[in-house]
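User: Could you walk me through this protein, starting with what sits inside it?
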Amino acid sequence: MILTQVFRAMQPKSILDECNMESGRIYTRTMVEHWRIWRKHEVWLSQFDDMHMNDFLFKETTLHAHSRDAAQEGFAKAAKTTHALRKAGIADAQFPHKTKYWKTTVWKNTGIRVRDGIAFLARARGLAPICVQLPFDLQHLKIVEARLVYNRKISRYEWHFVIDDGKEPIMRSEGASVGVDKGEIHPAVITDGNTALVISARELRSTGQGLAKAISILDARKAKMKRGSKRYKRMSKAKAKARRVASARQRDILHKVSRAVVEYAVEANAKEIIIGDVRDIADGINIGKHTNQKISLWPHGKLRSYIAYKALMQGMEILLEDEHHTTQTCPNCGSRKKPSGRIYSCGECGFVGHRDVVGASNILSRRLFGELGRVQIASEMYRHPYFLKQGHA
Ligand SMILES: [Zn+2]
């Protein structure tokens, strides 16, 4: 399995700065060149052209040739994303145009040698490699890639080593199924039909809301300022920072939520985790601030991929199940109604239960029986509030 290990970079900051500034320079130069040629000839270079341009533009670099390529590919990837967005009908998606003074430097396995527990990350010919003492458990594994990432949250460099441990996870062939409902109030509710776990993380929600609000305030202020002025730039910086802090916090919480989901599944001896599919249209695509906010404050797609990754390590499969009507169908009598509020109460049979637990039970029901309302709602319910506070897991 491919895994990423993160640990603190102990090398002198000046050397690390130099790498990431050089990656930024190469990225920016690639971008500028693209735009220049576009203005002059109305031709957008292909990635293949880039490679040629690379050899010619960046002869003088302190990076390893493949790290240099990686920096340049960063631009191609960003352009590709914009292309896809435009194709999907988002006309105002912009092609990358911002100068990057810093960029994560990537070493591909061709630029990495390991000897006696030390990874030697190659730089340009004539320059000494960067020596990284590997954590013990990493020393004998195959390294796929190394990345030098500046963690802004803690103002420090970190190494991200992508490794292949050569082991394929052994998938469980037998075991229970558990259903997950991803809601608005609770990031996840999970059930195996006997017990249910309600995972709440109010903070995740408030992170999204708080950010949206902070950004709209900054936007309003920015609109009154002169473009390119000092204050305008300062405001842009403040905006970027708000985003950064919020996303780091969000990632942290999502990891905790996904861990709790998978731990529950392990405890339930599950072989598969069934997740309600809501078509995560709000993830990663910016379709305007107002619509964005209405669709979801939850990064459902991200949460799902975190769950999938952790589940795979346990040999569990992730299956997506249609979510329609799952919170509207009574698990007791099967009649349907639109629930109002957080509690589902059935007008037909008098059943009363937690709405998201009903949702999770029905997702499970659809998977196991092909229809809703066949899984009894859990008799025991737990709550998982402990990661409301940051830093406790
Ligand atoms: Zn009912």
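Analyst: A nonpolar core here means a set of buried Ala, Val, Leu, Ile, Met, Phe, Trp, Tyr and Cys residues joined through C-beta atoms within 7 Å. Please keep in mind that this is a predicted model. In it, the largest nonpolar core has 39 residues, and those with the most contacts inside it are V178, V180, I190, V261, A265 and I273.

User: Which elements give two or more residues to this core?
Analyst: They are the strands β8 (176-181), β9 (188-191), β10 (195-199) and β11 (270-277), together with the helices α5 (230-267), α7 (300-313) and α8 (355-369). The largest share, 8 residues, comes from α5.

User: And what does V180 touch?
Analyst: Leaving out residues up to four places away in sequence, V180 touches A188, I190, V261, I273, I274, I275, G276, A360 and I363.

User: OK, switching to β10: is it mostly covered or open?
Analyst: It is mostly covered, since 4 of the 5 residues of β10 are buried. The strand β10 runs antiparallel to β9, with 4 bridges joining the two, and I190 has L197 in β10 as its bridge partner.

User: What happens between β9 and β10?
Analyst: The hairpin has 3 residues between these strands, and G193 takes a positive phi near 95° there.

User: Which way does β10 run relative to β15?
Analyst: Those two run parallel, and 5 bridges join β10 to β15, which covers residues 380-384; the bridge partner of V198 in β15 is R383.

User: Last one, how much of the whole protein is buried?
Analyst: Of its 393 residues, 32% count as buried, and the secondary structure of the protein comes to 8 helices and 15 strands.

Definitions and conventions: Residues numbered from 1 in each chain as written. Predicted model: local features only at pLDDT ≥ 70, side-chain atom pairs only at ≥ 80, totals over all residues. Buried ≥ 20, exposed ≤ 12 C-beta atoms within 10 Å, placed from the backbone. Contact = placed C-beta atoms within 7 Å. Pairing = 2+ DSSP bridges.
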